[in-house]
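Here are my notes on this model, point by point. Please read them with the structure open.

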Amino acid sequence: MNTDRPVILISSGDAQTDAFLRAGLQEAFPNVGLRIAHDEGDLRRQLPDAEVLMAWKFPVGVLSGAPKLRWLQLLGAGADSLSGTQLPAELSVTNIRNVFGTSMAEHTIAYMLAHAKQLRRFSQQQEKQEWSPSEPALLSGRTVGVAGLGSIGRKIAEYCGALGMEVIGLRRRRGEVPGVNAVFTSEEIDEFLPRCDYLVLVMPGTRETEHLLTSDRLRRVRRGCFLVSIGRGNVVAEKDLVDALEEGRLAGAALDVFEREPLPSSSPLWGMGNVYITPHISGINRAEDLLPPVKENLKRYLRGEALSNRVDLRQGY
């Protein structure tokens with residue numbers, strides 16, 4: 001690492017976030033050179049001088065023009081955009097963890113409750129001034145399967161448990177997880193799925209998770225299950241998902257992530273009455289949440305200490 005004013009380039013994709021991070025970091029570290037790249041062209045022009053890049057949703061190919069780059073701080077949790085990319089061995093890659101759990105857990109609970117309490121039906125009845133009682137369901141006593149038990153999945157498990165749900169989980173390795181009644185390994189997914197009244201997908205996008213749920217697997221899910229997808233859109237094959245929804249194998253779904261984003265207007269998901277669609281907003285990258293972990297990691301970097309939240313590019317997270 002250079003000892004005199006290392007150049008740190010910020011490019012979150014949002015001007016206000018960039019300005020907030022720059023101001024907060026400059027106050028804490030007055031002897032570093034903090035710059036902002038406002039767009040892709042600006043990013044390409046400035047990268048050759050950068051020792052550190054703090055960025056989100058950027059074209060990975062630009063990294064080939066960064067000979068001095070030693071550390072890439074992703075301003076989000078997902079690292080799947082780097083999958084298959086040949087990066088220099090000396091480049092450290094870190095991401096943001098433990099800040100999106102509350103937002104994504106609240107999002108999950110909101111749509112599970114919307115389904116159980118038939119909010120869409122009653123909203124439509126209100127618009128028509130129609131008085132037609134029906135009996136809402138309870139989340140308490142139902143089984144929720146959380147596929148992906150990282151920090152976000154564990155927070156979702158905590159919230160679901162607080163509502164009296166039985167929580168089961170799916171992850172790569174066996175082991176106890178606080179708040180989870182039973183943990184299944186990836187190899188046991190066919191035993192996991194039939195137990196779920198609600199299924200929450202919060203898995204990272206890796207080669208192992210791509211199209212993990214296809215038609216065969218969706219047939220194993222308990223009939224009437226409600227799906228919440230907030231991890232990566234390629235975990236479930238969308239054509240098979242549409243079929244499962246149309247055939248009633250799934251009672252409905254709350255989808256925040258998709259194989260293609262924005263979701264094409266031609267997608268049949270838009271017109272399905274048992275589907276809630278949100279534009280990838282369940283875990284918003286708020287600047288005030290990003291600054292503390294970024295500041296802590298920059299302090300470690302400048303001191304030559306081990307960085308937190310290192311990404312294993314072989315695993316994809």
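1. Terms and basis. Two strands count as paired if DSSP finds at least two bridges between them. Helices (H or I, at least four residues) and strands (E, at least two) are DSSP runs, numbered from the N terminus. This is a predicted model: local features need pLDDT of at least 70, side-chain atom pairs count only at pLDDT 80 or more, and totals for chains, interfaces and linings use all residues. Residues are numbered from 1 along each chain as its sequence is written, and side-chain values use heavy atoms, with hydrogens and water left out.

2. The β7 neighbourhood. In β8, Phe-184 is the bridge partner of Leu-170. The pairing of β7 with β8 (residues 182-185) is parallel and has four bridges.

3. The seven-stranded sheet. The order is β8-β7-β6-β9-β10-β11-β12, in an open sheet with parallel pairing. β8 and β12 (275-277) are the edge strands; each has a single partner strand, so one side of each lacks a neighbour in the sheet. Neighbouring strands are turned by 15° against each other on average, direction ignored. Axes here are lines fitted to C-alpha atoms, for helices over the stretch in contact, and angles run from 0 to 180 degrees between N-to-C directions. Within this sheet, five bridges pair β10 (residues 225-229) with β11 (residues 250-255) in the parallel sense. Leu-227 has Ala-253 in β11 as its bridge partner.

4. The five-stranded sheet. This one is also open, with parallel pairing and the order β2-β1-β3-β4-β5. At its edges stand β2 (33-36) and β5 (92-94), each with a single partner strand, so one side of each has no neighbour in the sheet. The twist averages 15° from one strand to the next. Four bridges pair β1 (residues 7-11) with β3 (residues 52-55) in the parallel sense. Ile-10 has Met-54 in β3 as its bridge partner.

5. Aromatic pairs. How many aromatic pairs does the structure hold? There are four. Rings of Phe, Tyr and Trp (its six-membered ring) pair if their centres lie within 6.5 Å; planes under 30 degrees apart count as stacked, over 60 as edge-to-face and the rest as tilted. Tyr-198 and Phe-226 have ring centres 6.1 Å apart and planes at 65°, so they are an edge-to-face pair. Tyr-198 is in β9 (residues 198-201) and Phe-226 in β10, so the pair ties together parts 28 residues apart in sequence.

6. Backbone points to check. Most residues other than glycine have a negative phi, and most peptide bonds are trans. Lys-57 has a phi near 55°, a positive value in a non-glycine residue. Lys-57 sits in the loop between β3 and β4 (71-74). Glu-261 and Pro-262 are joined by a cis peptide bond, with omega about -5°. Pro-262 belongs to the loop between β11 and β12.

7. The second largest pocket. Its lining has 17 residues, and Lys-57, Asp-80, Ser-81, Arg-232 and His-280 lie nearest its centre. On a 1 Å grid over the protein atoms alone, a pocket is an open set of points where a 1.4 Å probe fits, with protein on both sides within 12 Å along at least five of seven lines; lining residues have an atom within 4 Å of a point.
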